[in-house]
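Me: Got a model open here and want to talk it through. Can you take my questions as they come?

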Amino acid sequence: MPDLAPHPVFSLHDADPQPGLVLDRAGTVLQANPSALKLAGDCGLDNSQTLLPINTTSLIQACLQQNRAIEDVESRIPGHTLVWTLIPDSKQGLVLLRGRDATREMQVRDEAIQSSRLYRLITENTTDLISRHAPDGRFIDATPASWRLLGYWPEELRDRTLEEVFPDDRISERLAETRNRLRDDGYATMTLEIRHRDGSHRWFEIASRAIRETYTGAVVEVVSVSRDITARVESEENNRRLADELARAARLATLGELASSIAHEMNQPLATIVNFASASQRYLKSAENSPEALERVDDGLGKIIHHANRASEVIKRLRAFLSKGRKRTAPVALNDVISEVARLCHWEADKAGIRLRERLSPTSPIVTADPVLLEQVLINLIRNGIEATLDAREAPEAASDTPATITLASSINSQGEPLIEVTDEGSGLDEQAIRQMFQPFYTSKPQGLGIGLSMSRSIIEGFGGFLDAYPAETGGLTLTCRFPASAARPANPPTETHPDD
């Protein structure tokens, strides 16, 4: 080891794993141990200067003049960060530099500083409320977004319960459910309508995660992110109102187009009632001379009641069809809906010379839907099928004595999804036309508005399903309503019926 000092006061040990240097008053390296030489590249004392802090000369002067050690002086070389302690020997004008390789330590510190800056940047500028809670829900801390979202500054929230901040009749019940999910799953979300401190009402979507104790797994803290979704909820509500209005307009349009069918269906029971009333009146006049005439009157009155009830049911069904109220979902048996709609559309189909054939599933699929809106969809699909079939039959090359048929089918596919299929015998459509047919205001009819199929698809999607079209073996189209998988109940064997049967 080089030794240029005649009477060195410092002793550098070859076995020391940390770098050590002896410098004179001018900052010249006089001694270096093997660890220092290795870091310098084993190129001798001259190269060991590269290990020193850039202000080494000033530090040496201060160390010797004040006769005190200077600690934690940092220097960086490629791949390493060194921390030095300067120890003076004022009599000989020498300074011992004892180093420590703090590369990993500084890396961790730098990462912690960077992470802390990033955390501060996020928490101070995020529009969502990030909060910490005790297991009982009390606020431990919150980000500044609490002022905008709740009307409380973070320091005002500390130690407050959620019931105080989110006053609601069901808040305790909702929070109990959330705590149970956090305990069992470690994660929970909930949507709440809350009241801001200024009295305004807002909708919040809150996602929470449990922090558990390492050994017992007990929940010791909860971290939540709360987002104001008021604008989204209001937009969805407006869209629902608009959809209801459009649906009612479509029902009115459909009702107008079905007017002749409705008049026929109402006329039949009313005409029957008049006939039985007239006959009963005649029998009453002869009751004195013919006692058995009273039995005929009784029979006639019973039939009048029966047909009057039938007319009443028609009116009730039409009133429900035109109802403007909110959608009311309930379990609906698809077989029953198909049969009901086939009966409603029978007169229009019969007038066009088209048979409506039902092919019902042996297991009547059950879906959750609004029965009135579902009926409207099927009426739209049947009427489209009738028009497409009539257009195809009017072509000269399509003359046929065989009655045209529209098939209404229910089934359950291999994924357990209930289906309704309406298949016509029209001319069909190419792939591009099938893609366009569900777009709003697209129509191939001169007098059409182009909202029927678009509205029908929106209604089915509102039930969690989908409406699509495919080329049929008949040459026409099959319009398929697919619903989410649900339970099915036993029913009668598959049937093929005509409303006249």
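Me: Of the contacts between residues at least 6 apart in sequence, what percentage join residues at least 24 apart?
Reply: 56% of them. Keep in mind that this is a predicted model.

Me: How many helices and strands are in the chain?
Reply: The chain has 14 helices and 19 strands.

Me: And what share of the residues is buried?
Reply: Buried residues account for 39% of the 501 in the chain.

Me: Sheets next. In what order do the strands of the five-stranded open sheet run?
Reply: The order is β7-β6-β10-β9-β8, with antiparallel pairing.

Me: Which strands stand at the edges there?
Reply: β7 (139–142) and β8 (187–195) do. Each has a single partner strand, so one side of each is left without a neighbour in the sheet.

Me: How many degrees are neighbouring strands of this sheet turned against each other, on average?
Reply: 25 degrees, ignoring direction.

Me: Over how many bridges do β6 and β10 pair?
Reply: Five. Strand β6 covers residues 129–133 and β10 covers 219–228, and they pair in the antiparallel sense. As one example, L129 has S226 in β10 as its bridge partner.

Me: Which strands does helix α7 lie across?
Reply: α7, residues 171–185, lies across β8, β9 (201–212) and β10. The helix runs at about 165 degrees to β8.

Me: Moving on to β14. Why is it described as largely enclosed by the rest of the structure?
Reply: Because seven of its nine residues, in the run 404–412, are buried.

Me: In which sense does β12 pair with β14, parallel or antiparallel?
Reply: Parallel, over six bridges. Strand β12 spans residues 354–359. Within that pairing, L356 has I406 in β14 as its bridge partner.

Me: And in which sense do β14 and β15 run, parallel or antiparallel?
Reply: Antiparallel, joined by six bridges. A409 is bridged to E421 in β15.

Me: How many residues sit between those two strands in the hairpin?
Reply: Five residues lie between β14 and β15. In the turn, G416 has a positive phi of about 80 degrees.

Me: Now T423. Where is it?
Reply: T423 belongs to strand β15, residues 418–423.

Me: Is T423 buried or exposed?
Reply: Buried. Its relative accessibility is 15%, and the cut-off for buried is under 20%.

Me: Which residues does T423 contact, beyond its neighbours within four places in sequence?
Reply: T405, I406, T407, A472, T474, L477 and T478. With T478 there is also a polar contact between the side chains, at 2.9 Å.

Terms used:
Residues numbered from 1 in each chain as written. Predicted model: local features only at pLDDT ≥ 70, side-chain atom pairs only at ≥ 80, totals over all residues. Heavy atoms only, no water. Helix = DSSP H or I, 4+ residues; strand = E, 2+ residues; numbered from the N terminus. Buried < 20%, exposed > 50% of the residue type's maximum accessible area, 1.4 Å probe, protein only. Polar contact = N/O pair within 3.5 Å; in protein donor to acceptor, adjacent residues only side chain to side chain. Contact = heavy atoms within 4.5 Å. Pairing = 2+ DSSP bridges. Axes fitted to C-alpha atoms, helices over the stretch in contact; angles between N-to-C directions.
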